[in-house]
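Reader: Hi! Could you walk me through this model?
Author: Happy to, here it is.

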Protein chains: 2
Amino acid sequence: MIHNDLLLRTLRGEETERTPVWMMRQAGRYLPEYMVLRGKYGFFERCQTPELACQITLQPVDIIGVDAAILFSDILVVPQAMGLEVQLIESKGPFLPDPIKTLNDLKRVRVPDVDETLGYVFDAIKMIKQELNGRVPLIGFAGSPWTLLCYMVQGKGSKTFDEAKAFCYTQPELAHQLLQMITDTTIVYLTAQVKAGADTIQLFDSWGGLLGPDDFETFSLQYMRQIITALKDIVPTILFAKGAWHSLDAMAATGAQGLGIDWCIRPEMARQFAGKNITLQGNFDPAKLLSPIPVIQKEVKAMLDAFGPGRHIANLGHGILPNVPVDHARAFVDSVKNYRHTK
Amino acid sequence: MIHNDLLLRTLRGEETERTPVWMMRQAGRYLPEYMVLRGKYGFFERCQTPELACQITLQPVDIIGVDAAILFSDILVVPQAMGLEVQLIESKGPFLPDPIKTLNDLKRVRVPDVDETLGYVFDAIKMIKQELNGRVPLIGFAGSPWTLLCYMVQGKGSKTFDEAKAFCYTQPELAHQLLQMITDTTIVYLTAQVKAGADTIQLFDSWGGLLGPDDFETFSLQYMRQIITALKDIVPTILFAKGAWHSLDAMAATGAQGLGIDWCIRPEMARQFAGKNITLQGNFDPAKLLSPIPVIQKEVKAMLDAFGPGRHIANLGHGILPNVPVDHARAFVDSVKNYRHTK
């Protein structure tokens with residue numbers, strides 16, 4: 001039994017007393033309590049130690065009062081489990097010293113036994129569920145196959161991920177082999193997250209927006225569709241492909257219950273593209289949380305007015321920035337909680 | 001008299017025998033001939049020495065055979081002329097050691113005498129026009145006020161330009177003062193480019209796509225509109241706000257003759273948003289120039305099919321990448337030149 005199940009009911013399209021709210025990267029650097037643990041433990045140590053992942057996951061529920069917890073982890077635990085070395089250099093981002101460039105490199109990659117390689121995630125989920133004790137739902141997640149390929153090929157973050165794109169354009173067969181391996185791994189991984197207790201799953205396609213509409217279908221959406229299809233009978237899913245507004249209709253047709261949208265699209269237009277039978281999640285400009293609190297309050301109201309009642313989960317259009325003051329994050333969440341749609 | 005005036009006729013909406021083609025950053029690092037000069041002279045030395053700027057501007061006309069030359073310069077010469085120190089650290093990008101954060105900082109910024117501070121640009125344009133000798137038109141350019149503010153406030157490149165955005169959201173009056181000063185400078189600067197011989201002007205809003213639709217109007221488009229309005233009776237203008245697909249209709253209404261579009265929108269949809277009475281420019285994925293030449297040829301054909309005849313200038317959806325082989329760039333240009341629309 002989940003006490004505050006606003007998020008789940010909104011995903012199912014049920015009427016709710018108010019709009020639910022959470023924030024991408026809500027367990028993160030803007031929280032001083034997180035920074036204390038970041039100072040003591042390495043990044044993957046925090047991910048791989050269920051007690052730490054649990055503690056971090058709970059922080060924004062306790063401190064900010066969000067309507068959902070999201071597992072503290074990283075999308076790059078999957079490439080790691082698949083056999084690639086992944087380093088996370090704090091403040092510099094991910095670094096994969098041996099990226100995939102050739103057929104020979106691909107031989108180093110495997111579809112792993114997820115219990116063996118990612119068991120710590122499922123342990124964390126079980127512990128979090130116990131600690132949450134039904135207060136709010138727990139969101140599990142994974143990176144999309146395309147977004148993971150970006151890192152696995154480019155070897156690090158990039159504005160354009162041109163090496164990853166060139167890999168797909170020059171060696172499409174290799175690219176599709178790799179994407180399918182990531183897809184197969186992700187399906188097993190997310191199914192196990194649900195078995196461990198995740199109440200909903202979000203798929204993050206952070207770099208889908210770097211592809212043109214046709215390439216998005218070819219290298220990203222067709223694999224996300226496989227994942228959504230595999231999960232849709234066991235859990236509600238949310239698909240977030242940042243910047244891929246051009247394919248909201250195709251994403252809505254996957255069977256996902258929710259679609260994330262960024263702040264660079266009007267809510268009315270997103271609704272028009274996505275259709276009526278899906279929940280939209282977003283789309284506050286993360287940089288706007290740096291504004292004075294009265295501006296945040298005014299802008300939250302404008303966002304909720306624009307989305308209208310029902311089928312909306314309030315969120316940012318991307319992860320919360322590390323330099324957002326905690327009381328600004330709280331003002332965002334409180335403004336949503338205090339808002340009532342006029343009937 | 002311009003011998004090959006395909007670009008200008010296309011901007012005016014006239015019928016042409018084929019689609020004109022050029023590439024953003026066509027005078028750049030992918031060209032070995034450019035790299036030779038880059039090895040010998042500093043970045044601003046290349047911009048500020050008319051002979052060098054002229055030589056670099058002509059390179060892609062001679063080597064690749066594009067249908068237009070674009071002035072070799074940088075958008076950051078304007079902030080420099082306005083009184084800010086701008087360093088360009090090769091391979092790291094721009095760095096402004098004393099960015100604008102407060103009212104006091106704003107006092108260091110002035111609307112300059114452009115002949116005094118940017119005379120070298122006009123000298124370069126005159127020299128280029130002489131060297132071009134009417135072969136193809138010359139495109140002059142400037143950065144949009146918003147994009148320049150991004151660098152002037154953030155002090156360097158950024159994925160999110162969150163400090164620039166926070167400056168606008170927390171100190172909107174200062175932001176508007178600065179944007180107006182940049183606008184006033186840009187109008188005089190571009191008018192002088194036209195007087196010196198530029199045949200058309202492109203305004204680059206590289207970071208317009210980081211703003212939501214309302215903020216795009218407030219902090220970017222309203223200033224670009226002033227610039228287009230000031231220029232539209234003396235020269236055809238092209239407006240390129242990367243990622244700002246949501247405002248193509250509003251941009252088309254400015255009176256610009258051309259709109260740049262990136263590769264993350266279908267040509268049919270861009271046309272639907274922008275309306276029929278404007279020329280669209282774009283929108284090949286720059287990373288796709290890393291594909292094998294037959295793929296480039298096939299994709300160029302698909303792009304030209306999608307845009308249809310007339311009112312289209314073939315280009316990339318963003319600047320050419322430094323690692324593109326020269327023969328791939330040439331294959332792109334040749335594919336456009338060899339294509340004929342079926343009547």
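Reader: Thanks! So do the copies meet through the same surface or through different ones, and what share of the interface residues of chain B are also interface residues in chain A?
Author: The copies meet through the same surface, because 100% of the interface residues of chain B are interface residues in chain A as well. Bear in mind that this is a predicted model, where local features need pLDDT of at least 70, side-chain atom pairs count only at pLDDT 80 or more, and totals for chains, interfaces and linings use all residues. Residues are numbered from 1 along each chain as its sequence is written, while chains are lettered from A and ligands numbered from 1 in the order in which they are written.

Reader: Good to know. How many residues does the contact take from each chain?
Author: There are 25 residues from chain A and 24 residues from chain B. Two residues are in contact if their C-beta atoms, placed from the backbone, lie within 7 Å.

Reader: And which helix of chain B gives the most to that side?
Author: That is helix α9 (residues 162–170) of chain B, with five residues. Helices (H or I, at least four residues) and strands (E, at least two) are DSSP runs, numbered from the N terminus. By class, the side of chain B that touches chain A has six charged, seven polar and 11 nonpolar residues. Here Ala, Val, Leu, Ile, Met, Phe, Trp, Tyr, Cys and Pro count as nonpolar, Asp, Glu, Lys and Arg as charged, and the others, Gly among them, as polar.

Reader: Nice. Switching to the fold, what does the secondary structure of chain A come to?
Author: Chain A has 15 helices and nine strands. Its radius of gyration is 19 Å, close to the 20 Å that the globule rule gives for 343 residues, so chain A is as compact as a globular protein of that length. That radius is taken over C-alpha atoms, and the globule rule is 2.2 Å times the number of residues to the power 0.38. The C-alpha atoms of chain A fill a box of roughly 60 × 45 × 35 Å along the principal axes.

Reader: How much of chain A counts as buried?
Author: The share is 54% of its 343 residues. A residue is buried if 20 or more other C-beta atoms lie within 10 Å of its own, exposed if 12 or fewer, and partly exposed in between, with C-beta atoms placed from the backbone.

Reader: Tell me about α10(A). What length does it reach?
Author: Helix α10 (residues 172–196) of chain A has 25 residues and reaches 35 Å from its first C-alpha to its last, close to the 36 Å expected at 1.5 Å a residue. That expected span is 1.5 Å times one less than the number of residues. Buried residues in α10(A) include Leu178(A), Ile182(A), Thr186(A) and Tyr189(A). Just after α10(A), Gly197(A) takes a positive phi of about 135 degrees.

Reader: What is the phi of Asn133(B)?
Author: Phi is near 50 degrees, a positive value in a residue other than glycine. Asn133(B) lies in the loop between α7 (114–132) and β4 (138–143) of chain B, and Asn133(B) is exposed, with 9 other C-beta atoms within 10 Å.
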